[in-house]
Amino acid sequence: MKIGIMGCGSIAKTLVDFKLNGKLNVNLAYFYDLSLDNAKSLAQKVDAQVSDSLENLIENCDLILESASQTAVRSSVPQILESGTNVIIMSVGALLDVEFKTYLENIAKKSGAKIYLPTGAITGIDTVKAARMGEIESVSLITRKPPLSLGLEMEDDEEIVLFDGKASEAVKEFPKNINVSSTLSLAAGMDADVKIIADPKITRNTHEIHLKGTFGEFITKTSNISSPDNPKTSLLAAYSAASLLNKLSETIQIGT
Ligand SMILES: NC(=O)c1ccc[n+]([C@@H]2O[C@H](COP(=O)([O-])OP(=O)(O)OC[C@H]3O[C@@H](n4cnc5c(N)ncnc54)[C@H](O)[C@@H]3O)[C@@H](O)[C@H]2O)c1
């Protein structure tokens, strides 16, 4: 299976590192980025090709992994799906726009393409999916980030609640920071309650999920180390994408 990467930043770089150390069992064949230099610098590490257009990427790949931006999802994913090419979307926030998500689903159903959304930088999506087989009563996410990863400089140690509302609004206000709230909401089938807190006392991005349903309840907390190349992105997001890529070709499938 030939994999094309759209968006050659921190997530793509981690995938390349996994490929180089033998942990990623797929063919990273083509790299595409608005910045040709970014695409070239990753492609050359794994002896892959550089695509100079989305069309070229689509033509040559069986599956495209989007690791670019919500804007890229809006402008490129419809075309990818129309061609029947499967896609993994990292910028999941774009899919909390119900109209756009339905639009993508309809294109994919028609062409037979699949849309994959990796778990990302949180814990518990397996359980959320299983819980949904019964009734989910409530689902919430509390995200704490060091100010730097939110692009803020704070003078004292007092935390600040930057956002308190629904995930569908959070992904619009913080498009590069809160994709996990989108994955959580889509898995739960309801718009999660989200709090985003800038906390000068922490060094890691942390995500706490509280979910109640007919099965009982669970709480998970993930304390993430940021990518060295992008403080907004947790390393676990790229690990999750790599794990999904491996899963697609594994004989034994573990987890829900
Ligand atoms: N699902 C999750 O849990 C999760 C976690 C972290 C980040 N993300 C999202 O994944 C995406 C990538 O994250 P990253 O840290 O690798 O970002 P990054 O900023 O390090 O890299 C993004 C790359 O995409 C390129 N790009 C931007 N728009 C493009 C377009 N239209 N076409 C092609 N290339 C384009 C940029 O030039 C850049 O090289 C972001 O949208 C981020 O919010 C998702």
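**Figure 1. Pairing of strands S4 and S5 in the predicted model****.** Strand S4 (residues 63–66) and strand S5 (residues 86–89) run parallel and are joined by four bridges. Helices (H or I, at least four residues) and strands (E, at least two) are DSSP runs, numbered from the N terminus. Within this pair, isoleucine 88 of S5 is the bridge partner of leucine 65, and isoleucine 89 of S5 is that of glutamate 66. Both faces of S5 are covered, with Asn86 and Ile88 buried on one side and Val87 and Ile89 buried on the other. Here, buried denotes under 20% relative accessible area, exposed over 50%, and partly exposed the range in between (1.4 Å probe, protein chains only). The model is predicted, so local features need pLDDT of at least 70 and side-chain atom pairs count only at pLDDT 80 or more, while totals for chains, interfaces and linings use all residues. Residues are numbered from 1 along each chain as its sequence is written, and side-chain values use heavy atoms, with hydrogens and water left out.

Figure 2. Axes are lines fitted to C-alpha atoms, for helices over the stretch in contact, and angles run from 0 to 180 degrees between N-to-C directions.

**Figure 3. Packing of helix H4 against helix H5****.** The axes of H4 and helix H5 (residues 98–111) come within 8 Å and cross at roughly 20°. The two helices are therefore roughly parallel to each other (angles under 35 degrees count as roughly parallel, over 145 as roughly antiparallel, 65 to 115 as roughly perpendicular and the rest as oblique). Val73, Arg74, Val77, Pro78, Leu81 and Glu82 of H4 meet Phe100, Tyr103, Leu104, Ile107, Ala108 and Ser111 of H5.

**Figure 4. The five-stranded open sheet****.** The strands follow the order S8-S9-S7-S10-S11, and their pairing is mixed. Strand S8 (160–166) and strand S11 (216–224) form the edges, each pairing on one side only. From one strand to the next, the twist averages 10°. S8 and S9 run antiparallel and are joined by six bridges; isoleucine 160 stands opposite alanine 198 in S9.

Figure 5. H8 lies across S7, S9 and S10, running at about 170° to S7. Glycine 189, whose phi is positive, near 75°, follows H8.

**Figure 6. Lysine 129 in helix H6****.** Lysine 129 is placed in helix H6 (residues 125–131) and is partly exposed, with a relative accessible area of 38%. Not counting residues up to four places away in sequence, lysine 129 touches Ala187 and Thr256.

How values were computed: Pairing = 2+ DSSP bridges. Contact = heavy atoms within 4.5 Å.
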